[in-house]
Amino acid sequence: RSPQGSALYLDGVSVSFDGFRALNNLSLVVDHGELRAVIGPNGAGKTTMMDVMTGKTRPDTGKVLLDGRIDLTRLDEARIATLGIGRKFQKPSVFETHTVIDNLELALAGDRTPFSALKFRRTPDKAARIEAVLEDIALAHRAHEPAGRLSHGQKQWLEIGMLLMQQPRVLLVDEPAAGMTDSETSQTAVLLKRLAQSHAVIVVEHDMGFVRDLDCRVTVLHEGSVLAEGSLDHVQSDSRVVDVYLGR
Ligand code: ADP
């Protein structure tokens, strides 16, 4: 399909490390307002895919477009971040001795690029933005507590909140449910679904129960390209996907 209307568009992306093809002609389209789960066995290329989307790794060939038109292929990581791609790594790294609200504020202060300063002038009401993010991540009631007192799951939400302070257009989230309790896991699915109403959200995940909760289109990566795509039931009934997961 054409890149028009997409949030993130990867076309024929390949990346090799010392002759080994981590991504092999990968094409993927994620729309605005879409939640997408990306699954695949270890070594399938999921991390490399996110590295390419954020500019950490440059593709050898192929194209990466934001908003269907901004070519990210040759831009560096800092520039891509200011254009609106936010990435949450697996391990939360919040400032434990600072309050929840201070963490959100620090997420803004840490970014001193002229571009974000411009965006900032357009939304002068910082307090209102913090309040909105606190609601989004369901931590309004813990706003004035040190982040170190939050549960593991709540720290993950706070970190998502820190990303939201930067007003990204695309959110990349790496295994958000890892280490969470069942109740935190289902709340995280609700949170990500809500965020996907106003962002493109791409979730890399191993936990199939969580992927089912996300109730979204699923892309299966294998050997650096897309093996199958569709609903979770659809991809799970694909014999090639079954073979890959069973190592056949
Ligand atoms: P996944 O996240 O799906 O487990 P990765 O993207 O981490 O997969 O890795 C895909 C393949 O590329 C793996 O075989 C991995 O060993 C290899 N790879 C990833 N990064 C590098 C690197 N910097 N140097 C060499 N090989 C790498």
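Visitor: Strand E8, residues 200-204: buried or exposed?
Guide: Mostly covered: five of its five residues are buried. Buried here takes 20 or more other C-beta atoms within 10 Å of a residue's own, exposed is 12 or fewer, and partly exposed sits in between, with C-beta atoms placed from the backbone. Strands (E, at least two residues) and helices (H or I, at least four) are DSSP runs numbered from the N terminus.

Visitor: What kind of model is this, and how are residues numbered?
Guide: The model is predicted, so local features need pLDDT of at least 70 and side-chain atom pairs count only at pLDDT 80 or more, while totals for chains, interfaces and linings use all residues. Residues are numbered from 1 along each chain as its sequence is written.

Visitor: Back to E8. Which way do the side chains point?
Guide: Ala 200, Ile 202 and Val 204 point one way, Val 201 and Val 203 the other way, and all are buried. In a regular strand, side chains alternate between the two faces of the sheet.

Visitor: Which strands pair with E8?
Guide: E3 (residues 35-39) pairs with E8 in the parallel sense over four bridges, and E7 (residues 170-174) runs parallel to E8 with five bridges. Pairing requires at least two DSSP bridges between two strands.

Visitor: What does the chain do between E7 and E8?
Guide: E7, helix H7 (residues 182-195) and E8 make a right-handed β-α-β unit. Right-handed means that, with the strands pointing away from the viewer, the path from the first strand over the helix to the second runs clockwise.

Visitor: What's the strand order in the sheet with E8?
Guide: E6-E7-E8-E3-E9-E10, an open sheet of six strands with mixed pairing. E6 (85-88) and E10 are the edge strands, each pairing on one side only. On average, neighbouring strands of this sheet are turned by 20° against each other, direction ignored. E3 also pairs with E9 in the parallel sense over four bridges, where Val 38 has Thr 219 as its bridge partner.

Visitor: Which helix lies across E9 and E10?
Guide: H10 (residues 239-246), running at about 125° to E10. For such angles, axes are lines fitted to C-alpha atoms, for helices over the stretch in contact, and values run from 0 to 180 degrees between N-to-C directions.

Visitor: Switching topic: what's the order in the four-strand sheet?
Guide: E2-E1-E4-E5, open, with antiparallel pairing. E2 (20-31) and E5 (70-71) stand at the edges with a single partner strand each, so one side of each is left without a neighbour in the sheet. E1 (residues 6-17) and E2 run antiparallel and are joined by eight bridges, with Phe 17 opposite Phe 20. Helix H1 (residues 46-54) packs on the sheet, touching E1, E2 and E4 (61-66), and its direction makes about 65° with that of E2.

Visitor: And Val 64, where's that?
Guide: In strand E4. Val 64 has 25 other C-beta atoms within 10 Å, so it counts as buried. Leaving aside neighbours within four places in sequence, the contacts of Val 64 include Leu 10, Val 52 and Leu 72; contact means C-beta atoms, placed from the backbone, within 7 Å.

Visitor: Which residues touch the most others in the largest nonpolar core?
Guide: Leu 8, Leu 158, Leu 192 and Val 201, out of 70 residues. Helix H6 (residues 152-165) gives the largest share of this core, seven residues. Such a core is a set of buried Ala, Val, Leu, Ile, Met, Phe, Trp, Tyr and Cys residues joined through C-beta atoms within 7 Å.

Visitor: How is the chain divided into domains?
Guide: Into domain 1 (1-84 + 169-248) and domain 2 (93-167), with bounds from an automatic or database domain assignment. Their C-alpha centres lie 25 Å apart, and 11 residues of domain 1 are in contact with 12 residues of domain 2.

Visitor: Last one: what's the phi of Glu 175?
Guide: Near 40°, a positive value in a residue other than glycine. Most residues other than glycine have a negative phi. Glu 175 lies in the loop between E7 and H7 and, with 19 C-beta neighbours inside 10 Å, counts as partly exposed.

Notes: Two residues are in contact if their C-beta atoms, placed from the backbone, lie within 7 Å.
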